[in-house]
Amino acid sequence: MTGAASGLGREIALDLARRGWRLVLPVRTAARAHDVVAAAGVMGAPEPLVVECDLSDHVAVRRMCRTVAGEGRLDLVVNNAAVGGGADPTLRETNAAGVELRMAVNAITPHLIARELSGALTPAGRIVQVGSMGQLPLDLDDLNHERDYAGIQAYCRSKVALVMSAIELARGGVPVNVVHPAREMPTPMVLEGGFPVVSTLDDGALAVLRVALDSELAGVRGAYFHRFERAQPHEQALDAHARGRVVAWIEDRAA
């Protein structure tokens, strides 16, 4: 589970720990996982596996996936980590490879993790990508967001790319879905952006866990959920031509 050190990810991770699950936590530094590891121990859950990984570095992400897959079969993968609009929404950030940071972390990394770890899933295993109802169409000629930059727009476009990725991965047999968990929760991303809080972390966790664990959804793949209901994503995500161009771009940078 990515993004488990704080906010929504921490809430979901601790719920799974209460159920006795062993957590696998990719984090930038092991120290960031200390609180979750300690809480899991108090709950009597198996000791989590902590893997240091910069999620903006796709070489490191592939290495992390090899480490995780080598530990045995996986029941669930939750890609929750994301980069928001930023404290300075005019500042265009990139990873070391020159990929705009929101596309790198919010779209390419979840795609890469889903692709690399799908083979390690148990027969009933699932992958859940945490998306957002905040969706804007991508400029197919500017997928790296080099023109007229605005952080929140880049974030919303990356979330459409995430849905496109899930649809295409599901077409290839990967058991993956996307869920918008709740409106603005008290997460570091929301607080940093100065948005008013309108939902609780529990609101969001319940929606993600439903998509992750509900037996009624066992055969559902490539779907977008608005909280507890299956919904239509942005219309661009359903355009096969646009989706093909975006996912090809993602694959090229995830290679």
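The legends below describe close-up views of a predicted model.

**View 1. An open sheet of five strands.**
The sheet is open and contains 5 strands, arranged in the order S3-S4-S5-S6-S7 with mixed pairing. Its edge strands are S3 (74-79) and S7 (229-231), and each of these pairs on one side only. From one strand to the next, the twist averages 30°. Strands of a sheet pair through backbone hydrogen bonds, and the pairing is either parallel or antiparallel.

**View 2. Strand S3 beside strand S4.**
Strand S3 runs parallel to strand S4 (residues 121-130), and 5 bridges join the two. Which residues of S4 are the bridge partners of Leu74, Val78 and Asn79? Leu74 has Leu121 as its bridge partner in S4. For Val78, the bridge partner in S4 is Val128. Asn79 is partnered by Gln129 of S4.

How many residues of S4 are buried? The number is 8 of the 10, so S4 is largely enclosed by the rest of the structure. In S3, 5 of the 6 residues are buried, so S3 too is largely enclosed by the rest of the structure. A residue counts as buried when its relative accessible area is under 20%.

Helix H4 covers residues 101-117.

**View 3. Strand S4 beside strand S5.**
Strand S5 (residues 176-180) pairs with S4 in the parallel sense, over 4 bridges. Which residue of S5 stands opposite Val128? The residue is Asn177. Val128 is also the bridge partner of Val78.

**View 4. Helix H4 packed against helix H8.**
Helix H4 (residues 101-117) packs against helix H8 (residues 240-254) at an angle of about 75°, and their axes are 10 Å apart. This angle makes H4 roughly perpendicular to H8, because angles of 65 to 115 degrees count as roughly perpendicular. On the H4 side, the contact is made by Met103, Ala107, Ile108, His111, Leu112 and Arg115. The H8 side contributes Val247, Trp249, Ile250, Glu251, Arg253 and Ala254. Sorted by class, the contact of H4 with H8 has 8 nonpolar, 1 polar and 3 charged residues.

Most residues other than glycine have a negative phi. His145 has a positive phi, near 50°, and is a residue other than glycine. Asp148, again a residue other than glycine, has a positive phi near 50°. His145 lies in the loop between S4 and helix H5 (151-171), and the loop between S4 and H5 is also the place of Asp148. Is each residue buried or exposed? His145 is buried, because its relative accessible area is 3%. Asp148 counts as exposed, because its relative accessibility is 73%.

Arg221 belongs to the loop between helix H7 (201-213) and strand S6 (224-226). With a relative accessibility of 41%, Arg221 counts as partly exposed. Which residues does Arg221 contact, leaving aside its neighbours within four places in sequence? They are Ala170, Gly173, Val174, Pro175, Val176 and Asn177. Asn177 is the residue of S5 that stands opposite Val128. Arg221 and Val178 are 43 residues apart in sequence, and their C-alpha atoms are 9.1 Å apart in space.

His234 is found in the loop between S7 and H8. The relative accessible area of His234 is 22%, so this residue is partly exposed. Leaving aside neighbours within four places in sequence, His234 is in contact with Gln135, Leu136, Pro137 and Val160. How far apart are the C-alpha atoms of His234 and His58? They are separated by 27 Å, and the two residues are 176 residues apart along the chain.

Conventions. Residues are numbered from 1 along each chain as its sequence is written. This is a predicted model: local features need pLDDT of at least 70, side-chain atom pairs count only at pLDDT 80 or more; totals for chains, interfaces and linings use all residues. Side-chain values use heavy atoms; hydrogens and water are left out. Two strands pair if DSSP finds at least two bridges between them. Axes are lines fitted to C-alpha atoms, for helices over the stretch in contact, and angles run from 0 to 180 degrees between N-to-C directions. Angles under 35 degrees count as roughly parallel, over 145 as roughly antiparallel, 65 to 115 as roughly perpendicular and the rest as oblique. Contact means heavy atoms within 4.5 Å. Ala, Val, Leu, Ile, Met, Phe, Trp, Tyr, Cys and Pro count as nonpolar, Asp, Glu, Lys and Arg as charged, and the others, Gly among them, as polar. Buried means under 20% relative accessible area, exposed over 50%, partly exposed in between (1.4 Å probe, protein chains only).
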